[in-house]
Each structure stands twice: as C-alpha cells, then as structure tokens.
Amino acid sequence: MRLRSLIVAVVGGLLGATVLFHVPASASAVDVNCALGTQVGTYSPGMTLLPRKIDFHAIGTLGGCASPGHPEITGATFTSLVSGTFSCVSGSTTNTSTYHWNTGHSSTVQGGFEVNLKPGGTTVLVLTGTVVDGLFEGATVVQTKVLPATTLTACLTPEGLTSVSGAVTFTAVL
C-alpha cells in the first residue's frame, strides 16, 4: 500500500510539473487550473500495436480548481471526442472537448491530441488547444492525462485495448 501511495504522489507531482512546462512562454496569466481529475475512455475499435483509425470517447471530472478571474469555479465534468489514426504506442490527431463548469458555464476546446506510451505501459495523453466557445474563449488549454494501462497485453490481441482510465489535470491560460 505504501508503494501505491508513493506512485500516486510521484504521478501527481509529474502531472503538476508537466502542466507547468507546457504553459506557453507568452502566456499572461493562468485563469483556471484544476489539479485533480479522473477520466474513463473507450477506443473503438480497440487500440493495437499497429496504427489504425480509431474513435476515442472520454468522460471525466475535474476538481481542485482555482481561478483568479472566476473564484466560484471548483470543478467540472467533461467529454472528449477524437477520431484519428493511432496505436497503443503513439499517434496524434485533433479533438474536441467540452467542459461543463460547476457554475453552469461551459467551454468548448479544439486542439491537438498526442499519445505517448511510457515505460511500464503508462500512457500519457497531452491535449493542447484553444477555447473556441464559452467561458475562457480564446484561452490556450493544456490537459495532461496519465492513464495506467493495466491491460497492456490487450494491445497484442486482434480486439485491442478498448478502455482506459486515469488521472487528469487541466490548465487554461489567457
């Protein structure tokens, strides 16, 4: 159990560092930062070791949000829709994500989606994009998702890896 706690602490620290390193140098201020979150995603068809066209649908929640411009924001739910060519080990495509803030506002983000498999089967997904509609319109967004692949051997089957879940962070910069 101590090892699991250590892993969670290390991943949390890495997520925070990842967000900091991805913020554009020209950014004037972070308008919202959500340090806690989870996501469940499904791949159809499943991801394999060979690239193929895949639809990805994710739903999740964000918490621990802080926003100097909107202090009433504490969290959100979100959905992401992606269609592109990628595999269990790499790929990139465009996507649309919609965030529904606890205040009743929403933000629609369009941007790029990178898949990068790390040692031990951990998948790191990095979404970078722009809020194209709603609250924070015009802001640059970085969302980092660390998804442990507990069934990485599924990548070796014809069906492939069909679902994944893990931790999420979110930052919007104006």
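Predicted model: local features only at pLDDT ≥ 70, side-chain atom pairs only at ≥ 80, totals over all residues.
Two disulfides turn up when the whole structure is searched. Counting the bonded cysteines along the chain, their pattern is 1-2, 3-4.

One of the two disulfides joins Cys34 and Cys65, with 2.1 Å between the sulfur atoms. The torsion about this S-S bond is about 110°, so the link of Cys34 and Cys65 is right-handed. The pair ties together distant parts of the chain, 31 residues apart: Cys34 belongs to strand β1 (residues 30–47), and Cys65 to strand β2 (residues 52–66). Both Cys34 and Cys65 are buried.

Cys88 and Cys155 form a disulfide as well, and here the sulfur atoms lie 2.0 Å apart. This link is left-handed, with -90° about the S-S bond. Distant parts of the chain are again connected, with 67 residues separating the partners: Cys88 sits in the loop between β3 and β4, while Cys155 sits in the loop between β7 (140–147) and β8 (161–173). As for cover, Cys88 and Cys155 are both buried.

Leu49, Val89 and Leu156 make a nonpolar surface patch of about 280 Å². Of these residues, Val89 is found in the loop between β3 (76–86) and β4 (90–101), the loop that also holds Cys88.

Note on methods
Residues numbered from 1 in each chain as written. Heavy atoms only, no water. Patch = residues over 30% accessible without salt bridge, like charges linked within 9 Å, V, L, I, M, F, W, Y side chains within 5 Å. Areas by Shrake-Rupley, 256 points an atom, 1.4 Å probe, with all protein chains shown as cover. Salt bridge = Lys/Arg side-chain N within 4 Å of Asp/Glu carboxyl O. Helix = DSSP H or I, 4+ residues; strand = E, 2+ residues; numbered from the N terminus. Disulfide = S-S within 2.5 Å. Buried < 20%, exposed > 50% of the residue type's maximum accessible area, 1.4 Å probe, protein only.
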